[in-house]
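Colleague: Could you walk me through how you read a model like this, one feature at a time? I'd like the general idea and then the case at hand.

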Amino acid sequence: MTLQNPGVSLQDAIWNGSVPLDIRLSPQECRVYDKADPFLIQYPRLSYLPFLLARLHAFFDPSLIDPSLAAHGGWFSYEDVPLKWHYPLGLLYDLFSGAAQAKVSESDKNDHSPPRRPSTLPWRLTLHFTDWPGDQLVQPDAEGKVLHDAFINSVKEADFLRNGTAKGIMSLSKDDSTQLWNAVQEHQRSVFDPILQRLLYAQGAPLRHIPLKVYLPSSPSASEPSTGHLRVIQSLITPSLQGTKEPQTLGTALHALLPTLFPSRRTPILAKPMLHGAVVPLSSQVEGLLREAAYLDGWLHVGLVMMG
């Protein structure tokens with residue numbers, strides 16, 4: 001995501017970021033095979049695909065071979081790869097189509113013409129209501145508790161890493177917890193931000209660690225034969241370099257986590273980090289990224305795009 005308007009803050013750009021989606025019903029579940037109209041929508045990058053299932057089920061109901069199938073049993077795939085429903089949409093797009101986005105954003109740096117759209121947009125996804133891939137995805141329930149719990153557990157883990165305790169999220173009142181989850185579902189920044197600030201700056205406690213997950217595409221193997229496999233890498237990342245007051249940068253963090261892939265702390269040589277659809281400079285301080293560019297669950301979800 002590039003800031004075309006200098007008057008727009010980074011947080012504004014992230015909250016307003018979206019991905020155009022072209023969602024097609026699986027031909028095997030469609031009365032007219034692949035002739036059903038697609039569901040087209042501009043969807044927030046920060047949001048989650050399962051929130052669309054009720055609307056999608058209603059839209060495709062006339063085309064479903066078995067319309068009695070439950071909406072919450074729906075799942076999405078991209079090029080035959082099941083998509084993890086608990087990942088934000090923007091992260092999913094960056095992981096599976098980020099190479100095209102990275103290429104466009106890099107070439108646009110020296111180009112003053114209007115920003116170009118990557119060839120992967122609109123992002124075409126396939127919707128399924130049968131043959132749940134139980135070996136790859138946990139199945140949600142009708143009440144949405146599984147999705148809610150997955151999100152809250154992620155928030156708790158991030159809270160614990162930041163502050164050394166999860167008291168921030170655990171001490172929220174029932175009303176605040178409900179408002180937090182409703183704000184995520186409805187993409188309401190005005191409700192979400194005040195609660196987030198209380199979690200980020202809990203009782204003025206010093207920041208202990210950066211909630212950072214790095215997603216590395218890896219080749220299929222005997223144990224992971226499917227395409228689209230990802231390694232998720234995380235470790236304890238401090239805001240400052242160990243034993244010094246020098247700020248930790250994304251480059252120093254990635255060098256510590258993946259030294260063979262990031263031999264240089266300053267210059268990307270083998271891979272580029274992507275966050276919210278943009279290639280992030282290795283010189284970026286991780287504490288600043290956390291304050292300005294964390295996902296709704298409080299994590300920096302950084303995808304890696306291989307170079308060359």
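Colleague: How do the residues lining the second largest cavity divide into nonpolar, polar and charged?

Modeller: Sort them by type: Ala, Val, Leu, Ile, Met, Phe, Trp, Tyr, Cys and Pro are nonpolar, Asp, Glu, Lys and Arg charged, and the others, Gly among them, polar. Here that gives six nonpolar, one polar and two charged. The lining consists of Val155, Arg162, Leu180, Phe192, Leu196, Leu199, Leu296, Asp297 and Gly298. Helix H4 (145-163) and H7 are the elements giving two or more residues to it, and H7 gives the most, with three.

Modeller: A caution: this is a predicted model, so local features need pLDDT of at least 70 and side-chain atom pairs 80 or more, while totals for chains, interfaces and linings use all residues. Numbering runs from 1 along each chain as its sequence is written, and side-chain values use heavy atoms, without hydrogens or water.

Colleague: What counts as a cavity, and how many of 30 Å³ or more are there?

Modeller: A cavity is a set of points on a 1 Å grid over the protein atoms alone where a 1.4 Å probe fits but cannot get out; lining residues have an atom within 4 Å of a point. Points are joined across faces, edges and corners, and the volume is the space filled by probe spheres set on them. The search finds three of 30 Å³ or more.

Colleague: Which residues lie nearest the centre of the largest cavity?

Modeller: Gln11, Trp15, Leu196, Glu292 and Ala294, out of 16 lining residues. Helices H1 (10-16), H7 (189-200) and H9 (286-293) each give two or more; these elements are DSSP runs numbered from the N terminus, helices (H or I) of at least four residues and strands (E) of at least two. H7 has the largest share, five. By type, the lining has 11 nonpolar, two polar and three charged residues.

Colleague: Which residues of H9 are buried?

Modeller: Buried means under 20% relative accessible area, exposed over 50%, partly exposed in between (1.4 Å probe, protein chains only). In H9, Val286, Leu289, Leu290, Arg291 and Ala293 are buried. They pack against several elements, including H1, H4, H7 and strand E10 (300-306).

Colleague: Why does Ser77 count as buried?

Modeller: Because its relative accessibility is 4%. Ser77 sits in strand E3 (residues 75-78). Its side chain makes a 2.8 Å polar contact with that of His128; such a contact is an N or O pair within 3.5 Å, one able to donate a hydrogen and the other to accept it, and residues adjacent in sequence count only if both atoms are side-chain atoms. Plain contacts (heavy atoms within 4.5 Å) link Ser77 with Pro82, Leu83, Leu125, Thr126 and His128, leaving out residues up to four places away in sequence.

Colleague: Which residues touch the most other members of the largest nonpolar core?

Modeller: A nonpolar core is a set of buried Ala, Val, Leu, Ile, Met, Phe, Trp, Tyr and Cys residues joined through side-chain atoms within 4.5 Å. Of its 83 residues, Leu21, Leu49, Phe76, Trp123, Leu212 and Leu258 touch the most others.

Colleague: And the backbone: where is Pro122, and which residue does a cis peptide bond join to it?

Modeller: Pro122 is in the loop between helix H3 (89-108) and strand E5 (123-128), and the cis bond joins it to Leu121, with omega about -5°. Look also at Asp131, a non-glycine residue with a positive phi near 55°. Asp131 lies in the loop between E5 and H4 and is exposed, with a relative accessible area of 68%.

How values were computed: 1 Å grid on protein atoms, 1.4 Å probe; cavity = no way out; pocket = protein on both sides within 12 Å on 5 of 7 lines; lining within 4 Å.
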